[in-house]
Amino acid sequence: MKENRRFLRQCAACREYKNKADLIKLTKDSKSGELVINNEKIAFGRSVYICKNEECVQKVLKKKKIEYSLKVELTENIKEKLSTVLKN
């Protein structure tokens, strides 16, 4: 398990370990401090992973786990982008 663990990330909502491809990555950019949905690996900084399902996204938004982990305010723009990613 340990050798494959480097490719697994933990969901901030359900706390399950999953493959990186199955998760949404939110990153607080280290240079600008801006929060971005970072599935394209373009931003470097502190990140949070969320499962690609409605339950986990709603749980993270309700309990403000993103704000706590990344120490940043969530904007409506990011919330809209999260719902768009879920629909795709």
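Here is a short chat about a predicted model of a single chain.

Student: Hi! How many helices and strands does the chain have?
Tutor: There are three helices and five strands in the chain. Going along the sequence, their pattern reads β-β-β-β-β-α-α-α.

Student: And how compact is the chain?
Tutor: Its radius of gyration is 12 Å, close to the 12 Å that the globule rule gives for 88 residues, so the chain is as compact as a globular protein of that length. The C-alpha trace spans about 40 × 30 × 25 Å along its principal axes.

Student: Okay, let's go inside. Which residues have the most contacts inside the largest nonpolar core?
Tutor: Those are Leu26, Leu35, Ile50 and Ile66, in a core of 21 residues.

Student: Which elements give two or more residues to this core?
Tutor: On the strand side, they are strand 3 (23-29), strand 4 (35-37) and strand 5 (45-51). Strand 5 gives the most, with four residues.

Student: What does isoleucine 50 touch?
Tutor: Leaving out residues up to four places away in sequence, Ile50 touches Cys11, Leu23, Ile24, Leu26, Cys56, Val57, Val60 and Ile66. Two of these names, Leu26 and Ile66, also came up among the core residues with the most contacts.

Student: How much of the chain is buried?
Tutor: Buried residues make up 31% of the 88 residues.

Student: New topic: what about charges?
Tutor: The chain carries 22 positive and 12 negative side chains. The centres of these two sets are 6 Å apart.

Student: Last one: what is the accessible surface of the chain?
Tutor: About 6400 Å², and 48% of that belongs to carbon and sulfur atoms.

How values were computed:
Residues are numbered from 1 along each chain as its sequence is written. This is a predicted model: local features need pLDDT of at least 70, side-chain atom pairs count only at pLDDT 80 or more; totals for chains, interfaces and linings use all residues. Side-chain values use heavy atoms; hydrogens and water are left out. A nonpolar core is a set of buried Ala, Val, Leu, Ile, Met, Phe, Trp, Tyr and Cys residues joined through side-chain atoms within 4.5 Å. Buried means under 20% relative accessible area, exposed over 50%, partly exposed in between (1.4 Å probe, protein chains only). Contact means heavy atoms within 4.5 Å. The radius of gyration is taken over C-alpha atoms; the globule rule is 2.2 Å times the number of residues to the power 0.38. Accessible areas come from the Shrake-Rupley method with a 1.4 Å probe; for residues, only the protein chains shown count as cover. Lys and Arg count as positive and Asp and Glu as negative; His and the chain ends are not counted. The place of a charge is taken as NZ of Lys, CZ of Arg, CG of Asp or CD of Glu.
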